[in-house]
Amino acid sequence: MNEFEKNILMVSKEEVHTNTDEFLTKLHSRIQVSKTNRQTLFVSSAIAFTFLFLIITQFGAPDIQVDSFYDEDIEMLFETDFWTIKSDSLDHDSSYTYDIAYFLLQEGYVWDTIELLDELGIEKEISL
Amino acid sequence: MENDYELIKLFQDGDKASFDRLVRRHLSNTVGFFYTITRDKMASEDLAQDVFFKLYKSLKKFKFQSAFSTYLYRTNLNTANSWFTRNKWKKLLHLDQILNQQTNDQSVEKEWLNKELWDAISKLPKKQRSVVIMRIAEGLSYKEISVVTGMSEGTAKVNFHHALNRLKGVLNYE
């Protein structure tokens, strides 16, 4: 062991008086604060998680499907059999009936058009 | 009178008072250790608070595989190393104030040398610093240092030797 090492190892070590009771009181209050902080953190996390869950699930709102706004059965419109259609033609206004008649005429169904108009006329008479 | 292991066992079983008895037993050594490094009573008590707070949280998982004193030395060393890191900039800011001090009184001069020494130690690499702290502030042997730090006895000796050479240079020792 050289001189320098001896000097360093001789570094002054003084006895420090510490009030043990005061020290323990401070320590326990620190432990208590830490426990309270942990509880606060736990409760805050639980609340945040609940809110996040409710936001994700849209607060229980029904799942509205946007694609229900259009009719998927477009083919049905072309395959409609106008003679056996299960709706009361009287429910439609006259312009709608004329449109159908005009469409049938354009397609070349002359006799069918006449029959349609004739049948509508009969039905009107019956309802009267 | 219960030994450390018995007190820890009681604490693990829910007896909070046994922790207080453990603190009372090791308080003066722990505060003394930090006082040697910091030369500040308030700071050393605060650091001792940190140590026992860490122990309160970790002793519930203590596995009785090493002596409690080793466990305490390791906690002290880690806390001291954290303190050195935290105070790197703080010390730089305080440096001017220290240089302005008049050192006529012998005890003040001694204090001044102590401060210079610990300033120099704080600038050592972590391994060397750890060995020097354990050797100077705790007065441990190389064998004990090797148990606390996890390095071999030879490595501890080599680190201490390199640390002394560095300190000689920094403190202009001839």
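I'll start with a crossing in chain B: H4(B) and H7(B) cross with right-handed geometry. Bear in mind that this is a predicted model.

The two helices are H4, residues 68–86 of chain B, and H7, residues 126–136 of chain B. They pack at an angle of about 125°, and their axes are 11 Å apart. H4(B) and H7(B) are therefore oblique to each other.

Which residues make the contact? From H4(B) we have B:Tyr73, B:Leu77, B:Ala80, B:Asn81 and B:Phe84. From H7(B) the contributors are B:Lys126, B:Arg129, B:Ser130, B:Ile133 and B:Met134. Sorted by class, the contact of H4(B) with H7(B) has six nonpolar residues, two polar and two charged.

Now to the contact between the chains. Chain A puts in 18 residues and chain B 23 residues. On the side of chain A that touches chain B, helix H1 (3–9) and helix H2 (20–56) of chain A each supply at least two residues. H2(A) gives the most to that side, with seven residues. By class, the side of chain A that touches chain B has nine nonpolar, three polar and six charged residues.

Last, confidence in chain A. The mean pLDDT of chain A is 78, with 65% of its residues at 70 or more. Where in chain A is confidence lowest, and where highest? The lowest is helix H3 of chain A, residues 75–79, at a mean of 62. The highest is H2(A), at 93.

Key:
Residues are numbered from 1 along each chain as its sequence is written. Chains are lettered from A and ligands numbered from 1 in the order in which they are written. This is a predicted model: local features need pLDDT of at least 70, side-chain atom pairs count only at pLDDT 80 or more; totals for chains, interfaces and linings use all residues. Axes are lines fitted to C-alpha atoms, for helices over the stretch in contact, and angles run from 0 to 180 degrees between N-to-C directions. Helices (H or I, at least four residues) and strands (E, at least two) are DSSP runs, numbered from the N terminus. Angles under 35 degrees count as roughly parallel, over 145 as roughly antiparallel, 65 to 115 as roughly perpendicular and the rest as oblique. A crossing is left-handed if the near helix is turned anticlockwise from the far one by less than a right angle, and right-handed if clockwise. Two residues are in contact if their C-beta atoms, placed from the backbone, lie within 7 Å. Ala, Val, Leu, Ile, Met, Phe, Trp, Tyr, Cys and Pro count as nonpolar, Asp, Glu, Lys and Arg as charged, and the others, Gly among them, as polar. pLDDT is the predictor's confidence in each residue, from 0 to 100.
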